[in-house]
Amino acid sequence: EAEAEIVRAVLTCDRGLSRSQRECIFLAIAGANRSSYCVAAHREMLRSLGMPESQSAQIAVDHRRAGLLERDAALLDYTLKLSQRPTRLAHADVSALRRLGFGDDEILDAVIVSGLARFMCMLSLGLGVQPDFEPPAAGRRSRHGHWTAAPSAYPAPTFDSAEQSAPGDGAGEEGAGRVRSVPLDPEQFPPFAVLRRAFGFV
C-alpha cells in the first residue's frame, strides 16, 4: 500500500513539473527499459491528459521525434541519461536545464520521477504483470534495435522475452525469468484500490 501511495504522490503532485511532464519522463524511461506494461500504462495516462496516441507512442521510441517543445525534449534527455547512464551525468547537464528555465525544485522532481520509473519498470518486468485494460496496438523491434511504425501511427513497443534473455536460459518459455504475479481484485487489495482511485486503472 505504501508503494501505491508513493506512485500517487509522485505523479499527481501539484507543484514543480506538470503532470504531463512527469508522465512523459515515466514513459520515456519505460520505453528505454523495454517495459511493455509501463509503456502501456503511461501511454494510457497521457491519453487521458489529452496527448495524441501517436505522440505518446513516439515518446516511448524516440522522444526527439515526438514533436515536443525543446524544453520538454531536453528534460527527457536528462532523465534518460540519469536512468540509463547515471555515472556520465555532469554539472553541465543540470546547467543546461537551468538555462531552459527549470528551477532546482523541478529538476529534483525529475530525479524523483526517474528513480520511481526505474523501480516500477524492474518490478513489472520481474513479475510479468499485465494491464487491466486493452493496450494500444503493438509494433515490432528490428534486429538493429529500432522500432518500426505503422504508416498512420507509431505503435507501442512490445518486448519479446527472448530479446531480454541469453541463449539457452529458457527464454521464450511461459513465465521464463519471472516470478508469477497473482491477479488481485482492487476491491480486496488496498494498494490496487489506491491506484484505481488515482488513475482509473491498475
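**Notebook: helix packing and core**

I note here that the model is predicted.

Next I looked up the geometry of this pair. The axes of α2 and α5 cross at roughly 45° and come within 10 Å. That makes α2 oblique to α5. I then listed the residues in contact. From α2 I have Gln-21, Cys-24, Ile-25, Ala-28, Ile-29 and Ala-32. From α5 I have Arg-71, Asp-72, Leu-75, Leu-76, Thr-79, Leu-80, Ser-83 and Gln-84. Sorted by class, the contact of α2 with α5 holds eight nonpolar, four polar and two charged residues.

What is the angle at which α5 and α7 pack? I read about 50°, with the axes of α5 and α7 10 Å apart. α5 and α7 are therefore oblique to each other. The crossing of α5 past α7 is right-handed. On the α5 side, the contact uses Arg-71, Leu-75, Tyr-78, Thr-79, Leu-82, Ser-83 and Gln-84. On the α7 side, I found Glu-106, Ile-107, Ala-110, Val-111, Ser-114 and Arg-118. The classes for α5 with α7 come to six nonpolar, four polar and three charged residues.

**Whole chain**

I stepped back to the fold. The chain has eight helices and two strands. Their order along the sequence is α-α-α-α-α-α-α-β-β-α. Buried residues make up 41% of the 202 in the chain. I also checked sequence separation. Taking contacts between residues at least 6 apart, I get 62% that join residues at least 24 apart.

**Core**

How many residues does the largest nonpolar core have? It has 37. Those with the most contacts inside this core are Ile-25, Phe-26, Cys-38, Ile-59, Leu-75 and Leu-97. α1 (2-11), α2 (19-32), α3 (36-48), α4 (53-62), α5 (70-84), α6 (91-99) and α7 (104-127) each give at least two residues.

Setting aside neighbours within four places in sequence, I found Ile-59 in contact with Cys-24, Leu-27, Ala-28, Met-51, Ala-66, Leu-68 and Leu-76.

For α6, the buried residues are Asp-93, Val-94, Ser-95 and Leu-97. Their cover includes α5 and α7. Just after α6 I checked the backbone. Gly-101 takes a positive phi of about 100° there.

**Arg-34**

Last, I looked at another positive phi. Arg-34 has one of about 60°, although Arg-34 is not a glycine. Where is Arg-34 placed? I found Arg-34 in the loop between α2 and α3. Is Arg-34 buried, exposed or partly exposed? The relative accessibility of Arg-34 is 22%. The limit for buried is under 20%, and for exposed over 50%. Arg-34 therefore counts as partly exposed.

Note on methods: Residues numbered from 1 in each chain as written. Predicted model: local features only at pLDDT ≥ 70, side-chain atom pairs only at ≥ 80, totals over all residues. Heavy atoms only, no water. Core = buried A, V, L, I, M, F, W, Y, C linked by side-chain atoms within 4.5 Å. Buried < 20%, exposed > 50% of the residue type's maximum accessible area, 1.4 Å probe, protein only. Helix = DSSP H or I, 4+ residues; strand = E, 2+ residues; numbered from the N terminus. Contact = heavy atoms within 4.5 Å. Axes fitted to C-alpha atoms, helices over the stretch in contact; angles between N-to-C directions. Parallel < 35°, antiparallel > 145°, perpendicular 65-115°, else oblique. Left-handed = near helix turned anticlockwise from the far one by under 90°. Nonpolar A, V, L, I, M, F, W, Y, C, P; charged D, E, K, R; others polar.
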